[in-house]
Amino acid sequence: MSEYKSGFVSIIGRPNVGKSTFVNRVIGHKIAIMSDKAQTTRNKIQGVMTQDDAQIIFLDTPGIHKPKHKLGDYMMRVAKNTLSEIDAIMFMVNVNEEIGRGDEYIMDMLKDVKTPVFLVLNKIDLVHPDELMPRIEQYQSYMSFTEMVPMSALEGHNVDHFIEVLKSYLPEGPQYYPEDQVSDHPEQFVVSELIREKILHLTSEEIPHAIGVNVDRMIKKDEDHVRIEATIYVERDSQKGIVIGKGGKKLKEVGKRARHDIEHLLGSKVYLELWVKVQKDWRNKVNFIRQMGYIEDQD
């Protein structure tokens, strides 16, 4: 009988290279939010993939960027700290873009890491095959990688192959989580992220980073019904108006879309009630950020 493999794998990369898309595809459940706006992931999202011969726990880190506030500082600490806690590192890049300063910054961080580093060249569906090799050679000139795998997380191309390659480098180990568990986050956190995702999809550029969502109450009415009350926080009165929309239309649409995903997540009918409140400059208020679930208490 072949040995059982298990391990923790950190996914690191610039914002918007497809990390959350990859996690959601391999896990088969929506646990990481996806948006075309940068820095949507604020916490380590542990996605648990269990197969007959292996269990892989993926850490979807915040996209590497230069912090502009205390929440940004925290996001960068999370991303860097995961590098010392894991069995393998996926450095994911958008193969359709030139190597940027952000990529160079990440590779400088990874050069001294003893952990196996896999270069995952995502979004191959957006480039001609002839463009692929020159891009790979560019990355090779910066540092050596354990393996280099082109893929399309969105289309699913080469994802299964990458998982098999990854498993071959993981240690023999136990099954850390039950086979039906897909994340280590409490349901309330995932619910708040799903609501935040819908706001990102439906609002303009001035809104994204000022949005925070807190689930105030989550009550199971019976086997088939859950009541959820959540507060959406913004930093300015003008943003509150944008989120609510004319006659409450935008907020109603947020609730409708979020409820659909939450019902799929929980397997129950959901009654969702949303409020919008202004909390000025909340991203620089440590206690408030902690209340929102973004800062782990330090020992």
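The legends below describe close-up views of one predicted model.

In this predicted model, local features need pLDDT of at least 70 and side-chain atom pairs count only at pLDDT 80 or more, whereas totals for chains, interfaces and linings use all residues. Residues are numbered from 1 along each chain as its sequence is written, and side-chain values use heavy atoms, with hydrogens and water left out.

**View 1. Strand 5 and its covered faces.** Strand 5 spans residues 117-122, and six of its six residues are buried. Buried means under 20% relative accessible area, exposed means over 50%, and partly exposed lies in between (1.4 Å probe, protein chains only). Helices (H or I, at least four residues) and strands (E, at least two) are DSSP runs, numbered from the N terminus. One side of strand 5 carries Val117, Leu119 and Leu121, and the other carries Phe118, Val120 and Asn122; all of these residues are buried, which leaves both faces covered.

**View 2. The neighbours of strand 5.** Two strands pair if DSSP finds at least two bridges between them. Strand 4 (residues 88-94) runs parallel to strand 5 and is joined to it by six bridges; Asn94 has Asn122 of strand 5 as its bridge partner. Strand 6 (residues 147-150) also pairs with strand 5 in the parallel sense, over four bridges, and Val149 of strand 6 stands opposite Val120. Strands of a sheet pair through backbone hydrogen bonds, either parallel or antiparallel.

**View 3. Crossovers through helix 3 and helix 4.** Strand 4, helix 3 (residues 101-110) and strand 5 form a right-handed β-α-β unit. Another right-handed β-α-β unit consists of strand 5, helix 4 (residues 129-142) and strand 6. A crossover is right-handed if, with the strands pointing away from the viewer, the path from the first strand over the helix to the second runs clockwise.

**View 4. The largest nonpolar core.** A nonpolar core is a set of buried Ala, Val, Leu, Ile, Met, Phe, Trp, Tyr and Cys residues joined through side-chain atoms within 4.5 Å. The largest such core has 26 residues, and Phe91, Leu110, Tyr139 and Phe145 have the most contacts inside it. At least two residues of this core come from each of strand 1 (5-12), strand 3 (54-60), strand 4, helix 3, strand 5 and helix 4. Helix 3 supplies the largest share, four residues. With neighbours within four places in sequence left aside, Tyr139 is in contact (heavy atoms within 4.5 Å) with Phe91, Val93, Ile99, Asp103, Met107, Leu119, Leu121 and Phe145. A second, separate core has 25 residues, including Val23, Met90, Met151 and Val165. In soluble globular proteins, nonpolar side chains tend to be buried together.

View 5. Strand 8 (residues 225-234) runs parallel to strand 9, with ten bridges between them, and Val226 stands opposite Val270 in strand 9.

**View 6. Salt bridges.** A salt bridge is a side-chain nitrogen of Lys or Arg within 4 Å of a carboxyl oxygen of Asp or Glu; the whole structure holds 14 of them. Asp261 and Lys198 form one at 2.7 Å, N to O. Asp261 belongs to helix 8 (residues 249-266) and Lys198 to helix 6 (residues 187-202), so the pair ties together parts that are 63 residues apart in sequence. Both Asp261 and Lys198 are buried. Glu164 and Lys167 meet in a salt bridge at 3.0 Å, N to O, and are separated by about one helical turn because they stand three residues apart in helix 5 (residues 159-169). Glu164 is partly exposed at 44% relative accessibility, whereas Lys167 is buried at 6%. Salt bridges also link Arg217, Arg227, Glu229 and Glu273 in a network.
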